[in-house]
Amino acid sequence: MIKIAPSILSADFAHLSREIREVSAADWLHVDVMDGAFVPNLTIGIPVVQSIRACTDMFLDVHLMIEKPVRYIEAFARAGADLLSVHLEADHPTRIAEALKVMGDCGVKKAVALRPITSPNAILPYLEELDMVLVMTVEPGFGGQAFMEHQLETIRQVRALMERYNPGCHLEVDGGIAPKTAPLVIEAGADVLVAGSSVYGASDRTAAIQALRGA
Ligand code: DX5
Ligand code: ZN
């Protein structure tokens with residue numbers, strides 16, 4: 001079963017609760033947290049996640065594009081995240097392992113994220129304990145960028161590693177996902193599709209979500 005996770009990065013932040021209601025046909029809600037250091041952009045933080053939690057029952061998939069994420073895992077878990085993704089490039093391996101441990105202690109689902117440059121093998125030390133791996137299909141930082149076709153090979157390699165070490169693990173893709181690219185990433189092994197501009201750029205959000213499912 002394919003899950004669709006609209007990214008609120010492309011929503012109208014002044015009407016966030018309405019914008020969230022408009023994507024209730026989706027499965028998860030993707031929340032992009034950026035710190036202006038790991039990526040050259042600043043977005044939302046803990047209080048906004050808390051407010052989102054109070055206005056929806058949707059599964060909150062929180063993508064942390066921040067340096068040294070271990071510092072904030074507990075705070076985002078308390079704010080109501082259901083799953084947290086930390087970037088493998090954002091800290092030393094021991095601190096990434098520590099971040100995953102804190103997620104476990106807090107009862108949130110655990111994911112690691114890979115920039116396009118990062119080798120699929122970098123997930124190996126953590127793979128068996130993960131609920132999800134996030135493969136970026138654009139350079140993290142901004143919505144509305146063009147899909148990187150060469151990341152299809154990364155998706156295939158990550159899926160092959162999962163089949164071997166953790167068959168129940170989700171594989172999420174993020175960046176440039178639209179009705180044209182969705183079938184390609186699904187064929188390569190993705191099962192959770194993040195979509196910002198292709199959902200929030202459409203006037204009929206339900207139809208945009210169904211289009212990603214291929215309906
Ligand atoms: C980019 C973010 C994405 C972004 C995707 O760094 O991680 O979640 O919202 O936007 P689109 O779907 O427009 O590429
Ligand atoms: Zn994201």
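Mentor: One definition to start with: helices (H or I, at least four residues) and strands (E, at least two) are DSSP runs, numbered from the N terminus. And heads-up, this is a predicted model: local features need pLDDT of at least 70, side-chain atom pairs count only at pLDDT 80 or more, and totals for chains, interfaces and linings use all residues. Residues are numbered from 1 along each chain as its sequence is written, chains are lettered from A and ligands numbered from 1 in the order in which they are written, and side-chain values use heavy atoms, with hydrogens and water left out.

Trainee: Okay, which strand gives the largest share of the shell around ligand 1?

Mentor: That's β2, with three residues. Strands β2 (28–34), β3 (59–65) and β8 (192–195) each bring at least two.

Trainee: What makes a residue count as near a molecule?

Mentor: One of its heavy atoms has to lie within 4 Å of it. Around ligand 1 there are 20 residues, and Ser7, Gly141, Asp174, Gly196 and Ser197 come nearest.

Trainee: How do you know that Ser7 has a polar contact with ligand 1?

Mentor: A polar contact is a pair of N or O atoms within 3.5 Å; within protein, one must be able to donate a hydrogen and the other to accept it, and residues adjacent in sequence count only if both atoms are side-chain atoms. An oxygen atom of ligand 1 is 2.8 Å from a side-chain N or O atom of Ser7, so the pair qualifies. Asp32 also has a polar side-chain atom 2.8 Å from a ligand oxygen, and with Gly196 a polar backbone atom is 2.8 Å from one. By itself ligand 1 exposes 380 Å², and the protein buries 100% of that.

Trainee: Why is Thr56 called buried?

Mentor: Buried means under 20% relative accessible area, exposed over 50%, and partly exposed in between (1.4 Å probe, protein chains only). Thr56 has 10%, so it counts as buried. This residue lies in the loop between α2 (46–55) and β3, and a polar atom of its side chain is 3.0 Å from the backbone nitrogen of Met58.

Trainee: Why is Lys68 called partly exposed?

Mentor: Its relative accessible area is 40%, so it falls in the in-between class. Lys68 is in the loop between β3 and α3 (73–79), and has a positive phi of about 45° although it is not a glycine.

Trainee: What about Lys110, buried or exposed?

Mentor: Lys110 is at 15%, so it counts as buried. You'll find Lys110 in strand β5 (residues 109–114).

Technical notes:
Accessible areas come from the Shrake-Rupley method with a 1.4 Å probe; for residues, only the protein chains shown count as cover.
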